[in-house]
Amino acid sequence: MTCPSVCRCDEDFIYCNDRGLSSIPSLPPSASVLYLQNNHINNPGLPTSLERHLSVRVVYLYDNELDEFPMHLPPSVRELHLQDNNIRTIPRSTLARMPLLEKLHLDDNSISTVSIEDQAFADNPRLRLLFLSRNHLSSIPSGLPASLEELRLDDNRISTIPTHAFRGLNSLRCLVLDGNLLANQRIADDTFSRLSNLTELSLVRNSLQTPPVNLPSAHLQRLSLQDNALTHMPRGSLDGMHRLQRLDLSGNNLTTLPRGLFKDLDSLGQLLVRGNPWHCGCNLRWLYDWLSARGNTITVRGLTCHGPDRVRDMALIDLGSEMEECEVVRLTGTKEKGAVGGVESSTTNAPPQGSLFTLRSKRPGFGFPDSGLDYTLSSSGVGKSLALNVKPLSHNSIRVTWSAAQPSSSFRLSWLRQGTGNAMESITETLVRGDRQEYLLTSLQPRSSYIICMVPLPVSSESKAAISGDTDSDESLVCAKAETSDLSSLEEKEDENSQQITVLPLAGIIGGATATVSLALILGVFCWYGHRTGNLCSRDHYTRSSSRKSKTYDDYIESGTKKDNTILEIRGPGFQMTPMPACQPMQPKPLREDYIIHTIFPSNGTGLYKGSNHVSNAGHGTNRGYREGGIPDIDYCYT
């Protein structure tokens, strides 16, 4: 049979795409690859004779008008493209007609989880690639074949992944779950650990706050976590990933990374971290050293500092002089010291307050007073160009204030805790901006003595010379001593202060109440006298001017409204208004108002409003129910 007139044939390649076809024409028996995309072919347009073309291996039927999974396809098909149709179901009987199928593309259809028949892929033992992107899936399809090597489920509605979701998929190498509704709380702990041969995992555009636990590490080469809500990368989350080549953490909310996070990433060649508010203090000194050691073997994109201000918009790798000021010491448990004395820095904490860098120094920039000498330090110290004052604020904090005779670019503040006898602990130093005049030391030890020293740094000696120390710095050194209080004594003082403070509001309340009562009595006497003398006008009557001959008019008549003296009642729960006899023009003003408004309670004992947890009780009287009915005090009217 010759090539169809509406198509173009190139040996066994049949090009019938973009022809406006509504059905498949007769094909030559030697056809192996059919290009039928971008037409108007529907399910009735698939002839039954198509099953007899046993040489067909690849069929392109995407962007057509198929409503159901196509039948009558040749059993020899190995690759089938059905994306951009309106297919709703995946029946097992139809797939069973293609036992040699290896690649199935079903992107951009209307397939839901319940519309995939149970064990739909059981008769396709060779299926290696399954694309179900941009459908209506709410969970991972069950019964996937063990032969599957690549699975794409991006841009669906998957929110939960149970433990058994990927059971038996030991051959899976690529898993794409981008653009779903995944969160850490809805992913089972050992979900991904079963995928022992996985080389690529993509979880882009989800709602993850940390990477999923127990990620497969043995063969993983590409890990994509961008555009999530990551705020923390737990230490050990990337352990064992010796083959990882590409890591993407872009578009998250990371400020720092814990030390040792990359200790096993020997093969990492691409690190993409743009779009994160990186805080480039001493917390990232380890990363600076790690990147410097790797040199040109790794490509880094987006590691730009968001803070502190003096290094904003600078790349971390360019902070050579700033990072030399940091000297990180590994303590027990590999803790990192932050910029405020003794406070651990983590990914979720705010940037350190005030200081540029803080370090636990093995060789401080200047010497502390020798503890063996016989002289004492007070809570204040005065030097040639600096006056220093320290004051304990609590059992674990000391406030440091100073005044400099001359402007300084920065100050070097150091403090140490005195141990028993003449023993001294390690020194902690920090650089403070020159425009500051106070600093708060926190996380100190209770009942401890601290020696606190400060020296101003001129502009010329702010860098390495200031760190190493010199004679001028030692001469400008000013020290003071402070002792933190005991925790128990502090609590006693707080109790005493709270008792004293409570006396003041009580006196104010008594005085205010006395004044209010006095004013109320005076106002009451004035109003009573006004009523007696008739100087206060009636609310419902008034006298017109002399032009109207001093005739008394009624408010209703003046406003053009006919007065109704009948009883006005709101049916059901509500209010009732009963008119009283009107005042005579020459009679004195009565002491009562013309109308009385009172609350009408239903007979079942409930109030005007029913609370959400109200239980009616008919045994109460008619005046009960205002409290139990949920009526706020402000809405209750006393008559």
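Modeller: Happy to. One convention first: a residue is called buried under 20% relative accessible area and exposed over 50%, with partly exposed in between. Please also keep in mind that this is a predicted model.

Let's begin with the salt bridges, of which the count comes to 16. Take Glu200 and Arg222, whose side chains meet at 4.0 Å, N to O. This pair links distant parts of the chain, with Glu200 in strand 10 and Arg222 in strand 11, 22 residues apart. Arg222 has a relative accessibility of 36% and so counts as partly exposed. Glu200, at 23%, is partly exposed too.

Another salt bridge joins Asp108 and Arg134, at 2.8 Å from N to O. Here the partners sit in loops: Asp108 between strand 6 and strand 7, Arg134 between strand 7 and strand 8, with 26 residues separating them. Asp108 has a relative accessible area of 25%, which makes it partly exposed, and Arg134 is partly exposed at 37%.

Lys263 pairs with Asp239, their closest N and O atoms lying 3.7 Å apart. Lys263 belongs to the loop between strand 12 and strand 13, and Asp239 to the loop between strand 11 and strand 12, so this bridge ties together parts 24 residues apart in sequence. Asp239 is partly exposed, with 31% relative accessibility. There is also a network of salt bridges, which links Glu102, Arg128 and Glu149.

Now for the disulfides: searching the whole structure turns up four. Cys3 and Cys9 form one of them, with 1.9 Å between the sulfur atoms. The torsion about their S-S bond is about 80 degrees, so this disulfide is right-handed. Cys3 is partly exposed at 31%, and Cys9 is partly exposed at 26%.

The disulfide of Cys7 and Cys16 has its sulfur atoms 1.9 Å apart. It is right-handed, with 110 degrees about the S-S bond, and both Cys7 and Cys16 are buried.

The buried ones are Arg285, Trp286, Leu287, Tyr288, Trp290, Leu291 and Arg294. Among the elements covering them are strand 15 (299–301) and helix 3 (320–324). After helix 2 comes Gly295, with a positive phi near 65 degrees.

Terms used
Residues numbered from 1 in each chain as written. Predicted model: local features only at pLDDT ≥ 70, side-chain atom pairs only at ≥ 80, totals over all residues. Heavy atoms only, no water. Buried < 20%, exposed > 50% of the residue type's maximum accessible area, 1.4 Å probe, protein only. Helix = DSSP H or I, 4+ residues; strand = E, 2+ residues; numbered from the N terminus. Contact = heavy atoms within 4.5 Å. Disulfide = S-S within 2.5 Å.
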